[in-house]
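User: I'd like to learn how to read helix packing, pockets and hairpins in a model. Could you walk me through them?

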Amino acid sequence: MSTSSENVPVAPGIGQPTEPGRPTVHLDELVFPESVENSPALERHFRHMLRRAARRADWGAGRGARIEYRVVIEELAISESAGVLRVRCTALGRLPRGKSARSHLDFGGDPKKRRVVVERVLEMVARGVVTRLAALERERRRSVTR
């Protein structure tokens with residue numbers, strides 16, 4: 001005895017199937033500070049982490065949808081004091097209709113592993129800002145269909 005998903009009662013607007021597959025998610029613009037040491041490599045790593053986070057995020061849309069977003073790294077400060085490497089990073093992400101999300105992280109690590117610590121901070125900030133943008137987009141799409 002099998003039941004199909006069509007026979008399962010659902011509340012209006014909830015459980016409606018979206019188009020199968022994933023939307024096309026595009027990073028429209030990235031503003032990365034050039035004043036940071038090894039800036040081109042860090043920017044390349046951050047773009048990769050944004051792309052990865054965007055692929056894994058649930059945007060609430062299926063195949064055929066196109067989502068664009070922008071990210072500005074407002075602060076990326078790297079300092080060392082008392083044998084501890086401190087990395088502060090703040091990123092602001094924006095969706096086209098004025099919705100925005102900010103991710104901020106202050107992280108410490110081993111000064112001998114400077115590159116690894118900085119890249120780890122960029123990964124966490126990318127994941128945070130994209131996850132929040134995806135939640136905003138899901139909510140927007142949900143309110144439009146109601």
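Here we go through the features one by one.

Analyst: Keep in mind that this is a predicted model.

User: Let's start with helices. What angle do H1 and H2 pack at, and how far apart are their axes?

Analyst: Two packed helices are described by the angle between their axes and the distance between the axes. Here, H1 and H2 pack at about 35°, their axes being 9 Å apart, and the crossing is right-handed.

User: Which residues of H1 and H2 meet?

Analyst: From H1, the contact takes in Leu42, His45, Phe46, Met49, Leu50, Ala53 and Ala54. On the H2 side, those include Val118, Leu122, Val125, Ala126 and Val129. The contact divides into 12 nonpolar, 1 polar and 3 charged residues.

User: Now pockets. What lines the second largest pocket?

Analyst: Rolling a probe the size of a water molecule over the atoms shows where empty space is left. The second largest pocket has a volume of about 160 Å³, and its lining is made of Met49, Arg52, Ala53, Arg56, Ala57, Glu123, Arg127 and Thr131. The largest share, 4 residues, comes from H1. By type, the lining has 3 nonpolar, 1 polar and 4 charged residues.

User: And the strands: in which sense do E2 and E3 pair?

Analyst: Look at the direction, then the bridges, then the turn. E2 (residues 66-81) and E3 (residues 84-94) are antiparallel over 11 bridges, with Val72 partnered by Leu92 in E3. Their hairpin has 2 residues between the strands, and Ala82 takes a positive phi near 55°.

User: What about E3 and E4?

Analyst: That pairing is antiparallel too, over 10 bridges; its hairpin has 5 residues between the strands, with Gly98 at a positive phi near 90°.

Terms used
Residues numbered from 1 in each chain as written. Predicted model: local features only at pLDDT ≥ 70, side-chain atom pairs only at ≥ 80, totals over all residues. Heavy atoms only, no water. 1 Å grid on protein atoms, 1.4 Å probe; cavity = no way out; pocket = protein on both sides within 12 Å on 5 of 7 lines; lining within 4 Å. Points joined across faces, edges and corners; volume = space filled by probe spheres on them. Nonpolar A, V, L, I, M, F, W, Y, C, P; charged D, E, K, R; others polar. Axes fitted to C-alpha atoms, helices over the stretch in contact; angles between N-to-C directions. Left-handed = near helix turned anticlockwise from the far one by under 90°. Contact = heavy atoms within 4.5 Å. Pairing = 2+ DSSP bridges.
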